[in-house]
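Visitor: I would like to take a close look at a single part of this protein. Could you take me through it slowly?

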Amino acid sequence: MSGGTVDVPKKYKTRLFVGEGNFTGVLSLLEKHMKDKPGLGRFVVATELRPLDKQADKVDIESRIAKLEDLGVTVVREGYDATSMHTHPATKDKTFKRIHWVLPNTLNPYPSYENMDNGTADLVLAFFRSASRMQNYGDRVHLTITAFIKFQSDLYNLGRILTDTEYYPVEKRPWPLERYEGYTATGYEDGYDEGELEIYNNLQEYIFEKATEKMRDSDNRFGNFRAAPVHDDDGHTFTAIDCMVPDWCCDHDSSSYDENNDE
């Protein structure tokens, strides 16, 4: 149009969300940014492994999926394995600047404090290896897990990510439930009891960046974390990722969404 202007749609980082469960997580994120990041959904793929028919709130999930698709999100509603993302038809030919997983689990019975060997650590490691096939150096994985040290060590074995993959943590952030209004952990749609609320309101988000050894050696951001022994209040010693900086980033969001911003 002569003398007029044309609005160019904004480009955002491509994002893959795995293990979405009831899909409240990705939907609450997009609803939070409906006004300030219009069109964000077109750059998002949201996925889940479990068959929809086996989810207790199937009708509500179908409603959320419809909303996500209206926002431009590509939804894989079932059958998406986080350990073979790079081979799935929906994502095998794509790269993602950011890949997110909140509370990864094997769907096996929840581990006890005494025995956490339920396969989750191997699952997380395989997830990172698959992610590496879909990301370039400088791209990131956002892994949100419980804050309890023993879980970080024995259930997820975060230290092994540092030694057995090309990923290294660059930030650690608090992830309270207030961050995304409307998010509910799968299976807790009717609410949390006091103990559950303590767990789910004190999650931590580790942000791992894919980096070569040369990148790690030359960039001081990678020096803020290390695999180190840590101790709980009962005197137990665990190997976990130790943050060497006194203050976390307290941003209750997941960094910049702009395609041209590295954060």
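Visitor: How many bridges join S6 to S7?

Guide: Before the answer, please keep in mind that this is a predicted model, in which local features need pLDDT of at least 70 and side-chain atom pairs count only at pLDDT 80 or more, while totals for chains, interfaces and linings use all residues. Residues are numbered from 1 along each chain as its sequence is written, and side-chain values use heavy atoms, with hydrogens and water left out.

Eight bridges join S6 to S7, and the two strands run antiparallel. Strands here are DSSP runs of E with at least two residues, helices are runs of H or I with at least four, and both are numbered from the N terminus; two strands pair if DSSP finds at least two bridges between them. Within this pairing, glutamate 171 stands opposite isoleucine 207 in S7. The sequence distance that such a pairing can span is shown by glutamine 204, which lies in strand S7: the C-alpha atoms of glutamine 204 and proline 174 are separated by 4.8 Å, although these residues are 30 apart along the chain.

S7 also pairs with S5, to which it is joined by seven bridges, and this pair runs antiparallel. Here threonine 146 stands opposite leucine 203 in S7. S5 (residues 140-146) is joined in turn to S4 (residues 98-102) by five bridges, but these two strands run parallel, and valine 102 stands opposite threonine 144 in S5.

If we step back, these strands belong to an open sheet of seven strands with mixed pairing, in the order S3-S2-S1-S4-S5-S7-S6. S3 (74-76) and S6 (167-175) stand at the edges with a single partner strand each, so one side of each has no neighbour in the sheet. From one strand to the next the twist averages 15°, where angles run from 0 to 180 degrees between N-to-C directions and axes are lines fitted to C-alpha atoms, for helices over the stretch in contact.

How enclosed is S7 itself? Eight of the eight residues of S7 (residues 203-210) are buried, so this strand is largely enclosed by the rest of the structure; buried means under 20% relative accessible area, exposed means over 50%, and partly exposed lies in between, with a 1.4 Å probe and protein chains only. Both faces of S7 are covered, with Leu203, Glu205, Ile207 and Glu209 buried on one side and Gln204, Tyr206, Phe208 and Lys210 buried on the other. Glutamine 204, for instance, has a relative accessible area of 8%.

For the protein chain as a whole, the secondary structure comes to seven helices and nine strands, and buried residues make up 48% of its 263 residues. Among contacts (heavy atoms within 4.5 Å) between residues at least 6 apart in sequence, 78% join residues at least 24 apart.
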